[in-house]
Amino acid sequence: MFRVVRFFLAAGVVVSRAVPASAETFTADPEAWRPVYYTDLRFPTGEGLSYASIWQDKLDENNTQAQSDAASPNTSYVVGNHNAKEWHFSINFQTKLVALTVLNSAAGCTDEIASPSLGTKIRVCPMRVATFEGDHYSVIDGAGCYLEKTADRGVEDSTATAAYVSYDISLRAFKTRFTVAHVEIPQCAQTIPLHPAK
């Protein structure tokens, strides 16, 4: 369903080499479904700085759009980023770390999928698979779902609305699944290979 494009960061492009902190621990049982982790990128700190660096070009675009959409010029995004969040899931292979991340921002998300709950928007947003291996850093670009819970959502248990990822060893691919109000969202289910065919 979603388009995937592979590219490598060219020499001379300034990129933070910060590797997510989860690189320190080998991932046991990668095929188990696990919930994703969310980071607010408005003022990223700690591990959030690593994910902000993966998305720096898109964060800059989002900040520029927010500036141009403002009723009057301001400098509110000289420090920090305008209304940007991401979710991520990473696997440590000991010799390399691979992180799957989806960025939710006004400038980046292009579509919305019908949601079974008024309390959750299902947005289609930019997705990246970032691989850190020694001094080498590569990225696969694509699109993925982001569950955005609204302020007026009702009370529900923690498993009702969630995003999950696992790593399929035989396919060498991430798999995603999403539920909203305990309803599976098939449009968001993906198999994302670490090395897609060219």
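**Entry 1: Asp60**

I started with Asp60, which lies in helix H2, residues 56–69. The model I am reading is a predicted one. Is Asp60 buried, exposed or partly exposed? Its relative accessibility is 38%, so I wrote it down as partly exposed, because that class lies between under 20% for buried and over 50% for exposed. I then looked up how far Asp60 is from Ala107. The two are 47 residues apart along the chain, and 9.8 Å separates their C-alpha atoms.

**Entry 2: strand S4 and its partners**

Next I turned to S4, which covers residues 85–92. Of its 8 residues, 7 are buried, and I noted the strand as mostly covered. Which way do S3 and S4 run relative to each other, and how many bridges join them? Strand S3, residues 37–40, runs antiparallel to S4, with 4 bridges between them. Across from Thr39 I found Glu86 of S4.

S4 also pairs with S5, again in antiparallel fashion, through 8 bridges. Here I picked out His88, whose bridge partner in S5 is Thr101. The hairpin of S4 and S5 has 4 residues between the strands. In this hairpin I noted Gln94, which has a positive phi near 75 degrees.

**Entry 3: the nonpolar cores**

I looked up the largest nonpolar core and found 29 residues in it. Which residues have the most contacts inside this core? They are Trp87, Leu100, Ile122, Phe174 and Phe178. At least two core residues come from each of the strands S4, S5, S7, S8, S9 and S10. As general background, I noted that nonpolar side chains tend to be buried together in soluble globular proteins.

**Entry 4: the largest pocket**

Last, I looked for pockets. The largest has a volume of about 290 Å³. What lies nearest its centre? Of the 16 lining residues, I listed Lys85, Asn104, Tyr146, Leu147 and Glu148 as nearest. S8 and S9 are the elements that give two or more residues to the lining. The largest share, 4 residues, comes from S8. Sorted by class, the lining has 8 nonpolar, 4 polar and 4 charged residues.

Key
Residues numbered from 1 in each chain as written. Predicted model: local features only at pLDDT ≥ 70, side-chain atom pairs only at ≥ 80, totals over all residues. Heavy atoms only, no water. Core = buried A, V, L, I, M, F, W, Y, C linked by side-chain atoms within 4.5 Å. Buried < 20%, exposed > 50% of the residue type's maximum accessible area, 1.4 Å probe, protein only. Pairing = 2+ DSSP bridges. 1 Å grid on protein atoms, 1.4 Å probe; cavity = no way out; pocket = protein on both sides within 12 Å on 5 of 7 lines; lining within 4 Å. Points joined across faces, edges and corners; volume = space filled by probe spheres on them. Nonpolar A, V, L, I, M, F, W, Y, C, P; charged D, E, K, R; others polar.
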